[in-house]
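Here is a short report on a protein model. Look at the structure first, then read on.

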Amino acid sequence: MTTSTRRIGTEESKTRAGLVSAAAQLMIEGGYAAVTSRRVAAAAGLKPQLVHYYFRTMDDLFLAVFRAGAEQNLERQARALASDTPLRALWEFSNDPAGTALTMEFMALANHRPAIKKEIATYAEHFRQLQADALGGVFKSYGIDIEQLPPLALLVFVSSLSRVLNLESSLGVTTGHAEAQALVEQFLATYEPT
């Protein structure tokens, strides 16, 4: 198999960033199936051939969208965990409906694209470990016994609950949501009263 020698646009280009942003928005609004080179170019106000100038394949574009979002999430997470109320900030960060929608689309895409699946797994493991490391210090300062409540267990609970609440809300299912949110609020109020 030969590697293409055609020229590819630079990663620092504003045009490339616009294409990545347009693709992300299309994924949020219409799912990953809505992301075609023509639609991405139209959403970015560009000619369709520019998509393939910057990305050899659509998988390369999807990976760029994922990586851009991952970098933003790492920055947002760092700010949340460094705040005066890191547990609340982490809960709020996890409850972003657009982030959940994009995550769900990438998970669906990963079912068909091994490169996407690998990238998601690598990022998720790194992301969760950074969270756990930061929460270990938070738990210690709050006097939370990490044997009784391991930070990794809390992280899985928070990310899972927030995704389910967002997913169900998007479908119009809200039964039990208020009770689940009240339970989370009760836990948060124990350590970070408002």
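Arg-88 is buried, with a relative accessible area of 10%. Buried means under 20% relative accessible area, exposed means over 50%, and partly exposed lies in between (1.4 Å probe, protein chains only). The model is predicted: local features need pLDDT of at least 70, side-chain atom pairs count only at pLDDT 80 or more, and totals for chains, interfaces and linings use all residues. Residues are numbered from 1 along each chain as its sequence is written, and side-chain values use heavy atoms, with hydrogens and water left out.

**Salt bridges**

Arg-88 meets Glu-185 in a salt bridge, 2.8 Å from N to O. Arg-88 belongs to helix H5 and Glu-185 to helix H9, so this pair ties together parts that are 97 residues apart in sequence. Glu-185 is partly exposed, with a relative accessible area of 34%. A salt bridge here is a side-chain nitrogen of Lys or Arg within 4 Å of a carboxyl oxygen of Asp or Glu. By this rule the count comes to four salt bridges. Helices (H or I, at least four residues) and strands (E, at least two) are DSSP runs, numbered from the N terminus.

Asp-59 forms a salt bridge with Arg-113. Asp-59 lies in helix H4 and Arg-113 in the loop between H6 and H7, so the pair links parts that are 54 residues apart in sequence. Arg-76 and Asp-96 also join their side chains in a salt bridge. Arg-76 sits in helix H4 and Asp-96 in the loop between H5 and H6, so parts 20 residues apart in sequence are tied together.

| Residue | Relative accessible area | Class |
|---|---|---|
| Asp-59 | 22% | partly exposed |
| Arg-113 | 24% | partly exposed |
| Arg-76 | 29% | partly exposed |
| Asp-96 | 25% | partly exposed |

The N and O atoms are 2.6 Å apart at their closest for Asp-59 and Arg-113. For Arg-76 and Asp-96 the N to O distance is 3.7 Å.

**Helix H9**

Which residues of H9 are buried? They are His-177, Ala-180, Val-184 and Leu-188. These residues cover an arc of only 75° around the axis, which puts them on the same side of H9. The arc is that of the directions from the helix axis to the C-beta atoms. The face turned away from the buried side carries the exposed residues Ala-178, Glu-179, Leu-183, Gln-186 and Thr-190. Helix H5 (86-94) and helix H8 (151-171) are among what covers the buried residues of H9.

How long should H9 be? At 1.5 Å a residue, its 15 residues (177-191) should span 21 Å, and the end C-alpha atoms are 22 Å apart, which agrees. The expected span is 1.5 Å times one less than the number of residues.

**Helix H7**

The 29 residues of helix H7 (114-142) should span 42 Å, and its end C-alpha atoms are 41 Å apart, which agrees. Its buried residues include Ile-116, Tyr-123, Phe-127 and Phe-139. The buried residues of H7 pack against helix H4 (58-82), H5, helix H6 (97-110) and H8. Contact means heavy atoms within 4.5 Å. Just after H7, Gly-143 takes a positive phi of about 75°.
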